[in-house]
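Hi,

Here is the structure I said I'd pass along. Have a look at it first, and my notes follow below.

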Amino acid sequence: MTERIQNSIDSIKAKIATLMQGLIELKTQNAAMSSEIQSLKDELHEKAQNALQMQTTIENLNHELDLAKKQVIDLSQKPVGRSEEEIDELVKEIDYCIEQLKK
């Protein structure tokens, strides 16, 4: 009976050793996965920061584009050349100068 007990004890010890080895392997895998998760979190944070910077840049460029469009519209709406009033004043001034030269 002691031999049977000893065999049972040896069998239990072998199972415990196998389970301990499996536990060690799982802990190693867990550590590697935790490291990979942290690395991915850092990469995600960096990409989020880049996306935020790009969004800010896009908003600034859109604002500048809107300002440029407004300037183009303002310039295109301004009358080209002189107004009729300015032309009339210039004609009167020329007539006056001609009269002065005739004297």
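**What turned up**

Let me start with charge: on the surface, Glu 84, Glu 85, Glu 86, Asp 88, Glu 89 and Glu 93 gather in a patch of negative charge. Bear in mind while reading that this is a predicted model.

Glu 84 sits in helix α2, which covers residues 84-102. Its relative accessible area is 68%, and because the cut-off for exposed is over 50%, Glu 84 counts as exposed. Glu 89 is also in helix α2, and with a relative accessible area of 56% Glu 89 is exposed as well.

For charge over the whole chain, I get 13 positive and 19 negative side chains. The centres of those two sets lie 10 Å apart.

There is a nonpolar patch on the surface too, formed by Ile 12, Ile 16, Met 20 and Leu 23. Together these residues have about 360 Å² of accessible area. Ile 12 belongs to helix α1, residues 2-77.

Now for the overall picture. How many helices and strands are there in the chain? The count is 2 helices and 0 strands. The radius of gyration is 45 Å, well over the 13 Å that the globule rule gives for 103 residues, so the chain is more spread out than a compact globule. If you want a box for the C-alpha atoms, they fill roughly 150 × 20 × 10 Å along the principal axes.

And how much of the chain counts as buried? Of the 103 residues, 0% do. The accessible surface comes to about 10100 Å², and 59% of that belongs to carbon and sulfur atoms.

- Gln 53, found in helix α1, is exposed at 51% relative accessibility. The C-alpha atoms of Gln 53 and Ile 87 are separated by 54 Å, with the two residues 34 apart along the chain.
- Glu 89, from the negative patch, is 51 residues from Gln 38 along the chain, and their C-alpha atoms are separated by 79 Å.

If you only look at two spots, I'd pick the patches: the negative one that includes Glu 84 and Glu 89, and the nonpolar one that includes Ile 12 and Met 20.

Cheers

Note on methods: Residues numbered from 1 in each chain as written. Predicted model: local features only at pLDDT ≥ 70, side-chain atom pairs only at ≥ 80, totals over all residues. Heavy atoms only, no water. Patch = residues over 30% accessible without salt bridge, like charges linked within 9 Å, V, L, I, M, F, W, Y side chains within 5 Å. Areas by Shrake-Rupley, 256 points an atom, 1.4 Å probe, with all protein chains shown as cover. Salt bridge = Lys/Arg side-chain N within 4 Å of Asp/Glu carboxyl O. Lys, Arg positive; Asp, Glu negative; His and termini not counted. Charge placed at Lys NZ, Arg CZ, Asp CG, Glu CD. Helix = DSSP H or I, 4+ residues; strand = E, 2+ residues; numbered from the N terminus. Buried < 20%, exposed > 50% of the residue type's maximum accessible area, 1.4 Å probe, protein only. Rg over C-alpha atoms; globule rule 2.2 N^0.38 Å.
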